[in-house]
Amino acid sequence: MRRLALSHNPFRFDFCPGLSQVCRMQIRLAIVILAFGMISAQAIKPWKTLKLWPGKAPGEKDDIGLEGPRPHRPGQKKVIRLGKVSVPTLTVFKPKQPNGAAVVICPGGGYSILAWDLEGTEVAEWLVKLNVTAILVKYRVPRRKDRAKHDAPLQDAQRALGLVRHNAKAWGIDPARIGILGFSAGGHLAATAMTNYQKRTYKPVDEADKASCRPDFGVLIYPAYLVDKETKAKLVPEVPVGKDTPSAVFFHAGNDGVPADGSVQMWLTMRRAGVHSELHVFPHGGHGYGLRPTDDPVTRWPRLAAEWMKRMGYLKP
């Protein structure tokens, strides 16, 4: 047997060459979880995880390779970056005393990867502490060839919202208090789901697709891709805000490389359509902070979001 040979990169290893590629990916995933301390005695545990689709997801060609985490590179923020997702899932986290509200979580990652802990499981833990049922969506990434960046993810988001509403009674959820929350690209995905609910973007597959996929509210944190690149003054066509668009709360930093103009323009368009929403733009804070606090006030957004949801009646017992 060969001796285990480790380099300075903990994700590169050379042992047991007969291992299948699947086994190697499972080992890499285990290393990532241990390295980042995702599992601990205090970590939240999911109630259940479901495949979003009964069969293959719409339009999948089995051409992106095996799902797995990307290695953490020196200088990068410690984040579990999940890539090559072709089998979307929905993971439910239930509080001990649910108040009936539920929030579907869309992690960011540029439609290339999913920031799985930073903008996913850590958010679920926060919501559960508010007695909200958290629904974490593992949507398809990276962007599919010959498809708009959000096409496959929007199908997954619509399917997730319909599944949650279809199972609301069994899961202890009020079907009129189902929100959607997204970061960066996940914020763009949340915005497209909030404004494209009249018709499914895929052929219905079962009874769950008869339930409405309209979120009742939105929480958008540094959402990306919402405005045109040239003027940054016009909403992109895939976000057709109207009078029936659900209310939302926006959080952004003025010095974010993803311009706050997107949050501002969507809020303005919603206001002009008669949709009452809330906007917070802070001078500093950058991008990609998730729930991890810094000295910048923008990272206090979870308290402001909880207060907004309470004022709007979504956290009522």
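An open sheet of three strands runs in the order β4-β5-β8 with antiparallel pairing, where two strands pair if DSSP finds at least two bridges between them. This is a predicted model, in which local features need pLDDT of at least 70 and side-chain atom pairs count only at pLDDT 80 or more, while totals for chains, interfaces and linings use all residues. Residues are numbered from 1 along each chain as its sequence is written, and side-chain values use heavy atoms, with hydrogens and water left out.

- Strand β5 (residues 81-83) pairs with β8 in the antiparallel sense over two bridges, and L82 stands opposite L114 in β8.

**Helices α3 and α5**
- The axes of helix α3 (residues 151-166) and helix α5 (residues 185-195) come within 10 Å and cross at roughly 60°, the axes being lines fitted to C-alpha atoms over the stretch in contact, with angles from 0 to 180 degrees between N-to-C directions.
- The contact (heavy atoms within 4.5 Å) is made by P153, L154, A157 and L161 of α3 and by L189, T192 and A193 of α5.

**H188**
- H188, which is placed in helix α5, counts as buried because its relative accessibility is 0%, buried meaning under 20% relative accessible area (1.4 Å probe, protein chains only).
- Not counting residues up to four places away in sequence, H188 touches Y111, K149, H150, P223, A224, Y225, L226, V236 and E238.

Terms used
Helix = DSSP H or I, 4+ residues; strand = E, 2+ residues; numbered from the N terminus. Buried < 20%, exposed > 50% of the residue type's maximum accessible area, 1.4 Å probe, protein only.
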